[in-house]
Amino acid sequence: MNGERSTSDTMDSAWSVPDDRAFVLGDLLCDHRDRRRRALHTARTRRWLDAYGDVVVRSVLLSTTSVQQRDEFARALRHGGRDHTIVLEQLGEFVLVTSERRAPGTVADWIGSVVPTGVRVSAIGSASLHADEDDLLHAVNEARTAADIVGQVGQAVGSTRAEELGGWRLLHAIEADPSLITAVSPAADELRHADPVRLETIETYLDAGCNVVAACERLHIHRTTLYYRLDTMPEVVREALADGWKRSTLHLTLKLLRLWNDRTPASGRASAPSGARRPRDGRRAIAPVRQLHPRTAGAEELPR
């Protein structure tokens, strides 16, 4: 306890140095809530972030395991010169915190303009930090979840914003357990072992809200073909389609299967080191943060 208090006191005293931005950024995602809150307040007070408008947090995943390529990407972001964006790297994962109201252009365009040859961004997920919120960590975890889902499912999710991912976020929280499928939806269990055409037909039909015309357009088949496929489905599947609750459960379970099937370790995310710390109110292990920012070390204020 004495050691922790001494460290905290040292950090507090270091914050009094006007141009020591690294200490503040290092605390934005630390495992002490009060220090995170103080760091965010300082970042807003010094106008590194918008003090009044919402801030957008993005988690950027790279489809590479090369440390050299990650370092190249980090240097590109550091020298990119984008105002109103704080860039942090954690466990091979990049977190961009942007004042959208004051930022010229889009973050996606900026990333595309600085990404080095051979480095590919596999997924970007975002979440909002509202003006009345005082802790960045929750928004970072939401953005990470969104990036994971986008990376696993792709364009099928329809959005990269955590606030718009709906049921995908609920499914993302469920650990992969094949026995769960058999227990909650025998119909889904039947379909995952069936002809892929049957699985695609039912999933598309459910995605279309059981609207035959819409489902046929998406499947590029005649409605007579769809009726035939539905009529010849296994009995357990036809029973599920005829019951509202079972039908909803089947739909969610098929999405859960899609998420699990696509759930592969993100190649751009490094494993947590043995000494990594887990935040008390966060989901992921926190390693010492490596600060990156588009300004030089002595630059203190960003233009309004």
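The second largest pocket of this predicted model has a volume of about 340 Å³. Its lining comprises 21 residues, of which Arg58, Ala108, Ile124, Gly125 and Thr160 are the closest to the pocket centre. By class, eight residues of this lining are nonpolar, 10 are polar and three are charged.

Strand E4 provides the largest share, with six residues.

| Element | Residue range | Contribution to the lining |
|---|---|---|
| Strand E4 | residues 121–129 | six residues |

Confidence in the prediction can be stated for the protein and for particular stretches. The mean pLDDT of the protein is 76, and 75% of its residues reach 70 or more. Over residues 264–304, however, the pLDDT is below 50, although the model gives this stretch 111 contacts beyond near neighbours in sequence.

The number of disulfides in the model is zero, as judged by sulfur atoms lying within 2.5 Å of each other. Cys30 has a relative accessible area of 4% and is therefore buried, since this value is under 20%. Cys210, by contrast, counts as partly exposed because its relative accessibility is 27%, which lies between the 20% and 50% limits.

Terms used:
Residues are numbered from 1 along each chain as its sequence is written. This is a predicted model: local features need pLDDT of at least 70, side-chain atom pairs count only at pLDDT 80 or more; totals for chains, interfaces and linings use all residues. Side-chain values use heavy atoms; hydrogens and water are left out. On a 1 Å grid over the protein atoms alone, a cavity is a set of points where a 1.4 Å probe fits but cannot get out, and a pocket is an open set with protein on both sides within 12 Å along at least five of seven lines; lining residues have an atom within 4 Å of a point. Grid points are joined across faces, edges and corners, and a volume is the space filled by probe spheres set on the points. Helices (H or I, at least four residues) and strands (E, at least two) are DSSP runs, numbered from the N terminus. Ala, Val, Leu, Ile, Met, Phe, Trp, Tyr, Cys and Pro count as nonpolar, Asp, Glu, Lys and Arg as charged, and the others, Gly among them, as polar. pLDDT is the predictor's confidence in each residue, from 0 to 100. Contact means heavy atoms within 4.5 Å. Buried means under 20% relative accessible area, exposed over 50%, partly exposed in between (1.4 Å probe, protein chains only).
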